[in-house]
Amino acid sequence: MSAIPSAPEKIDNKMDNNDNVNTRTETGENNKLHNDKKKKTDPNSVSTVIKVKSVIPRRRQDLLKWHGWGYNDSKFTVDYKKEMITFTGNRYAIGGKFLPNFIPFVLEYFDIDLNKERSCPRNVQPQLPKSYHPSRLPANIKEELEQIAPVSVEGLDRFVRAHGQTLRDIAQVRANSFKRIPDAVVWPTSHDEVEAIVRLACKHNLVIIPYGGGTSVSGAITCPAREPRPILALDTSGMNSILWIDKEQLLARIQAGIVGQDLEREMRARGFTVGHEPDSYEFSTLGGWVATRASGMKKNTYGNIEDLIVQTKVVTPKGVIEKGCSVPRISSGPEWEHVIMGSEGCFGVVTEVTLKIRPLPPVVRYASLVFPDWDSGFHFMREVARHRLQPSSIRLMDNEQFRFGLALKTESSWGGVFLEGLKMAYITRIKGFNPRTLAVVTLLIEGATDEVNAREKRLNSIAAQTGGVPAGATNGERGYTLTFVIAYIRDMALDWNIVAESFETSVPWERTLALCRNVKWTVRQECEKRGIKYYLTSHRLTQTYDAGCCIYFYFGFNSVGMRDPVAAFEEIEEAARDAILASGGSISHHHGVGKVRKKWYKETVGELGQELLLAAKKTLDPDNIFALANMAFDEHEADTSPSVKSKL
Ligand SMILES: Cc1cc2nc3c(=O)[nH]c(=O)nc-3n(C[C@H](O)[C@H](O)[C@H](O)COP(=O)(O)OP(=O)(O)OC[C@H]3O[C@@H](n4cnc5c(N)ncnc54)[C@H](O)[C@@H]3O)c2cc1C
């Protein structure tokens with residue numbers, strides 16, 4: 001660990017809006033040495049900095065919705081005359097197509113009043129706030145900050161970085177009801193600039209919230225409401241260069257603000273892949289993945305983020321943490337890099353990461369299987385994991401999700417998702433599967449042709465033993481495409497007063513079926529208690545391990561007539577989480593703790609675990625500059641009076 005130099009640095013800061021031009025080489029000493037050596041010895045290595053042009057502009061609101069998920073031009077919209085839903089834009093396969101089965105699905109589960117909606121359609125853009133909380137950043141500090149990196153105190157720039165993607169976040173955005181938003185946004189382009197910003201924050205006692213892609217679903221980036229100090233949103237999007245690629249060692253050094261889709265595009269253009277694809281990867285960043293311990297859909301081949309990282313560089317108020325060597329494994333006491341993975345922005349800013357990369361697989365094949373019900377699908381998944389035969393991705397969807405897939409069937413040739421026409425007839429009439437109970441597995445198999453063929457054969461043979469039937473590649477591919485579109489549904493649902501959100505957990509194999517039943521039962525009880533008649537719970541098994549799996553739930557209900565639907569949703573979700581823990585599940589598999597799951601942190605890590613977390617904070621950030629109040633950190637600790645500081 002090295003201390004942040006105290007002498008002020010003059011920094012040549014030329015960030016060209018969206019070009020993310022980094023005018024200096026910001027690699028650390030190790031990396032400079034690495035580069036110099038590689039230049040001489042390895043003609044295959046790319047040692048020049050690749051300045052990535054991001055899809056996402058610095059004014060994110062120009063491309064992305066300020067009031068919901070995803071691109072401005074992509075959304076579900078209702079044509080009340082035709083009684084049909086369309087998905088706008090042409091970014092996704094269902095773009096521009098009518099979805100004739102969607103309204104019947106919504107009516108069945110949520111009983112919306114179409115006549116009322118027709119007379120008062122709500123396909124209306126939410127209006128931007130007329131005013132914002134004034135910035136608390138003193139003008140002289142702003143000037144000092146501007147010497148380091150571009151700064152904005154404009155209301156909208158601050159507002160769009162005040163939240164993630166929880167239901168409460170989106171409800172607050174739409175109502176402009178945040179108690180606190182950042183007082184300024186700052187866009188560093190390099191590790192050194194981050195060091196200078198952190199130094200300045202320590203000097204003036206400012207709060208820093210690292211902001212990556214804003215896709216957090218744990219309340220992690222939401223500003224603590226009672227924080228009295230000026231808050232800087234440190235937007236990492238300007239730090240998105242690929243510093244070097246070592247084709248021989250299959251490593252790349254990358255700045256932490258790079259967005260998933262930019263990283264994959266650049267790597268694929270050079271014949272490589274990182275292979276980390278969380279469902280949010282269009283918008284989430286490398287630094288966000290590290291800070292939340294993210295999990296990608298292809299983790300069976302490439303690993304979760306913790307398996308992909310070889311080295312990280314992190315700026316904390318007490319100095320820079322970075323291992324002094326870049327090695328595949330080390331036995332040198334506890335791995336301090338793991339203290340940063342999952343630190344949820346509370347210890348400092350991840351600035352650079354060395355990641356493993358892989359050559360692009362020669363063959364990528366989708367496949368799907370249908371099972372008579374969830375339990376038989378589950379037994380298939382268990383057997384596959386027992387034999388360690390998982391392909392890059394393997395997911396089991398329950399019947400509600402299967403039917404939801406049918407609801408997204410288009411009127412035109414792209415077709416629906418899952419089992420049309422003859423295939424459906426074969427499965428229901430000849431195989432005798434009940435369309436109201438069947439479950440679907442989607443598969444993504446990567447590798448050389450022989451390997452892919454062999455694996456598919458073995459998977460099909462296990463499926464046959466557990467009651468499954470192959471349902472083709474197209475259905476498999478559509479299942480994956482659908483993943484990116486599902487995230488857009490909540491915005492339309494909110495227009496109909498349907499509140500919805502997902503939550504997830506990890507669980508040992510032997511507890512999984514009981515956990516799924518218990519959670520659905522709990523949700524049903526909680527809905528009945530509140531007189532909620534129209535709701536949907538659904539789950540899928542998204543990740544498999546030797547010792548268990550990840551279960552991902554969707555839950556939504558029609559909240560018409562309720563006084564505080566968001567609070568009701570959160571109460572039900574809390575009861576569901578209690579049921580998860582009581583059934584042997586965890587606080588989270590990949591979403592993290594943030595502010596919304598703090599209640600269960602101590603019981604998860606134990607008293608001493610929590611003490612260790614507080615001790616790490618005291619060492620790395622004694623003045624609570626990174627006062628995000630996630631995990632065990634209480635908002636009150638934002639009060640920096642000596643008595644409170646000593647508690648840290
Ligand atoms: C539709 C949808 C699908 C999702 N699918 C997945 C999935 O498949 N797998 C998965 O793991 N997660 C998923 N998530 C959750 C989310 O995308 C991840 O938690 C992601 O890692 C957050 O990255 P981000 O760049 O958006 O971080 P942000 O939301 O900006 O920040 C999240 C946390 O990380 C901190 N942080 C961000 N950058 C840095 C940095 N450089 N240094 C230090 N701290 C930093 C922030 O302070 C905050 O505490 C999904 C979310 C949504 C909305």
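Biologist: Which residues in α13 meet which residues in α16?

Modeller: This is a predicted model. In it, Phe 380, Glu 383 and Val 384 of α13 meet Leu 459, Ile 462 and Ala 463 of α16. By class, that contact holds 5 nonpolar residues, no polar ones and 1 charged residue.

Biologist: How many degrees lie between α13 and α16, and how far apart are their axes?

Modeller: The general idea comes first. A pair of packed helices is described by the angle between the two axes and by the distance between them. Here, helix α13 (residues 374-386) packs on helix α16 (residues 449-465) at about 135 degrees, and the axes are 9 Å apart. The two helices are therefore oblique to each other. The crossing of α13 past α16 is right-handed.

Biologist: What is the orientation of α6 relative to α20?

Modeller: Helix α6 (residues 167-175) and helix α20 (residues 565-582) pack at about 175 degrees, with 10 Å between their axes. Angles over 145 degrees count as roughly antiparallel, so α6 and α20 are roughly antiparallel to each other. On the α6 side the contact is made by Leu 167, Arg 168 and Ala 171, and on the α20 side by Val 566, Phe 569 and Glu 570. This contact of α6 with α20 divides into 4 nonpolar, no polar and 2 charged residues.

Biologist: Is Arg 490 buried or exposed?

Modeller: Burial is read from a count of neighbours: a residue is buried if 20 or more other C-beta atoms lie within 10 Å of its own. Arg 490 has 22 C-beta neighbours inside 10 Å, so Arg 490 counts as buried. The residue is found in helix α18 (residues 489-495). Leaving aside neighbours within four places in sequence, Arg 490 is in contact with Trp 69 and Ala 500.

Biologist: Which UniProt annotation covers Arg 490?

Modeller: The unreviewed UniProt entry carries the annotation "binding site" for Arg 490.

Biologist: Where is Thr 236 found, and what does Thr 236 touch?

Modeller: Thr 236 is in the loop between β7 (231-235) and β8 (242-246). With 27 other C-beta atoms within 10 Å, Thr 236 is buried. Not counting residues up to four places away in sequence, Thr 236 touches Pro 210, Tyr 211, Gly 212, Ala 256, Gly 257, Thr 285 and Gly 287. Ser 190 is 46 residues from Thr 236 along the chain, and their C-alpha atoms are separated by 9.1 Å.

Biologist: How many helices and strands are in the chain, and what percentage of its residues count as buried?

Modeller: The chain has 22 helices and 21 strands. Of its 648 residues, 49% count as buried. Among contacts with a separation of 6 or more, 76% are between residues 24 or more positions apart.

Conventions
Residues are numbered from 1 along each chain as its sequence is written. This is a predicted model: local features need pLDDT of at least 70, side-chain atom pairs count only at pLDDT 80 or more; totals for chains, interfaces and linings use all residues. Axes are lines fitted to C-alpha atoms, for helices over the stretch in contact, and angles run from 0 to 180 degrees between N-to-C directions. Helices (H or I, at least four residues) and strands (E, at least two) are DSSP runs, numbered from the N terminus. Angles under 35 degrees count as roughly parallel, over 145 as roughly antiparallel, 65 to 115 as roughly perpendicular and the rest as oblique. A crossing is left-handed if the near helix is turned anticlockwise from the far one by less than a right angle, and right-handed if clockwise. Two residues are in contact if their C-beta atoms, placed from the backbone, lie within 7 Å. Ala, Val, Leu, Ile, Met, Phe, Trp, Tyr, Cys and Pro count as nonpolar, Asp, Glu, Lys and Arg as charged, and the others, Gly among them, as polar. UniProt positions are given in the numbering used here, feature names are shortened, and annotations may be inferred rather than shown by experiment. A residue is buried if 20 or more other C-beta atoms lie within 10 Å of its own, exposed if 12 or fewer, and partly exposed in between; C-beta atoms are placed from the backbone.
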